[in-house]
Amino acid sequence: MPPDAEGLTVRELAAQRRNLFSGGFTTPVLALSAESLEHNLRLLETYAERHGLAFAPHGKTSMAPQLFARQLVHGAWGITAAVPHQARVYRAHGIARIFLANELVDAAALRWLAAELDADPDFRFICYVDSVRGVELMDAALTEAGARRPVDVVVELGAGDGARTGARTEADCTAVADAVAATRTLRLAGVAGYEGEVPDATAARVRAWLDRLVALAAAFDKAGRFAPELGEIVISAGGSAWFDTVADAFAGIPALSLPVLRLLRSGAYVSHDDGHYRHLTPFNRIPEEGALQPAFRLWAQVVSRPTPEQAFTNAGKRDAAYDLDLPEAQVVRSGRDGSRRPATGITVTGLSDQHGWLRTGPEAELEVGDWLGMGLSHPCTSFDKWQLIPLVEADGTVVDYIRTFF
């Protein structure tokens, strides 16, 4: 943040509508495009509507309640979490529907959850179960807490041998469902899983697993496992790489005894990226449905130019996501006159803690003091490095600041 902003509230600073490049900001600084963010929010809203899907985007991507609020305005059913502290952040910011895509066996967290559910009859919470032991632990903690409302759970079907969590077979899923039925603290609400963990994933393999998930829900329904007072049966899947296959499979869900909540959970779309998800996004396969826009740009300054073939910026591992791909040099802003030009001949080859290593070709126009704008790969590890992220319009005007709560 600009040094002369000391003492201002975030709202007061945002009201000044400073320019990212001339308003006193120091480098490195991560910026989020206001236009691309809005585009992505609208695109997934219309996609979900078009395909009859409810949408609970995964909040672990940003952990930014301001963005959760925007996602809810753009039609989200609720927000997905992965661990208890994320759910606590959500509740502190008024999120009324939470899908926790994990088995919750922490007794302290379950005591908190029981109190939240008992205090707010409008709070809807759903989480995974994938083991009989997990059900036993949940039941014991909720019973000890004196929970008055049952916790809705969905049986997680694993994506295959060697995949992540989830009961591996339909028989295992049935045993978990039997364990749930034997409690008074839990209520079976549906089935779920994560197709992104299908080993050696192809569209055909992902679809085969999704068909198993749908068939499991139908078998549970036929066996009378879903109580009428539930009101709906939850069938949930959908990361950021195969949601088109999820939409196709969910379109074929047969009529069940209750309406079906077809719940998609993709989260990385909100900022998209210039690497991993640029290659993975289903919109590459369905361009007629639209295209996401990368919204992040990390701005760093050239602080050393020791040779014609090498330069260094002041952004490194502490500032840039690097777990999947290195940053991508995209644009240079002149330190002399503020003019912009493509980052031709400039490649990020490595990161130290606070330095970016650049290889520069003969065509690279770069000198100490220039600003280098870089695209990033992997939204989750971009958001979590920054507590306050300027939301910037195309002309550089900072219109807001996105606070993260990791």
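Let's start with the lining of the second largest pocket in this predicted model: by class, that lining holds 10 nonpolar, three polar and five charged residues. Look for S33, A295, R297, W299 and R340, which sit closest to its centre among the 18 lining residues. Two strands, β1 (29-33) and β10 (296-307), each supply at least two residues of this lining.

Now move over to the largest pocket, with about 530 Å³ of space. It's lined by 30 residues, and the closest to the centre are H58, K60, R164, Y194 and G239. Which elements give two or more residues to this lining? They are β4 (97-103) and α10 (276-280), and α10 gives the most, with three residues. Sorted by class, the lining of the largest pocket comes out at 14 nonpolar, 11 polar and five charged residues.

So much for the open spaces; next come the nonpolar cores. The largest nonpolar core takes in 121 residues, and F99, F125, V151 and F250 have the most contacts inside it. Helix α8 (residues 203-222) brings the largest share of this core, eight residues.

Let's zoom in on V151. Setting aside neighbours within four places in sequence, V151 is in contact with L113, L117, F125, C127, M138, L142, T185, L186 and R187. You've already met one of these partners: F125 is, like V151, among the residues with the most contacts inside the largest core.

Last stop: there's also a second, separate core of 14 residues, and V331, W371, V398 and Y401 are included in it.

Conventions. Residues numbered from 1 in each chain as written. Predicted model: local features only at pLDDT ≥ 70, side-chain atom pairs only at ≥ 80, totals over all residues. Heavy atoms only, no water. 1 Å grid on protein atoms, 1.4 Å probe; cavity = no way out; pocket = protein on both sides within 12 Å on 5 of 7 lines; lining within 4 Å. Points joined across faces, edges and corners; volume = space filled by probe spheres on them. Helix = DSSP H or I, 4+ residues; strand = E, 2+ residues; numbered from the N terminus. Nonpolar A, V, L, I, M, F, W, Y, C, P; charged D, E, K, R; others polar. Core = buried A, V, L, I, M, F, W, Y, C linked by side-chain atoms within 4.5 Å. Buried < 20%, exposed > 50% of the residue type's maximum accessible area, 1.4 Å probe, protein only. Contact = heavy atoms within 4.5 Å.
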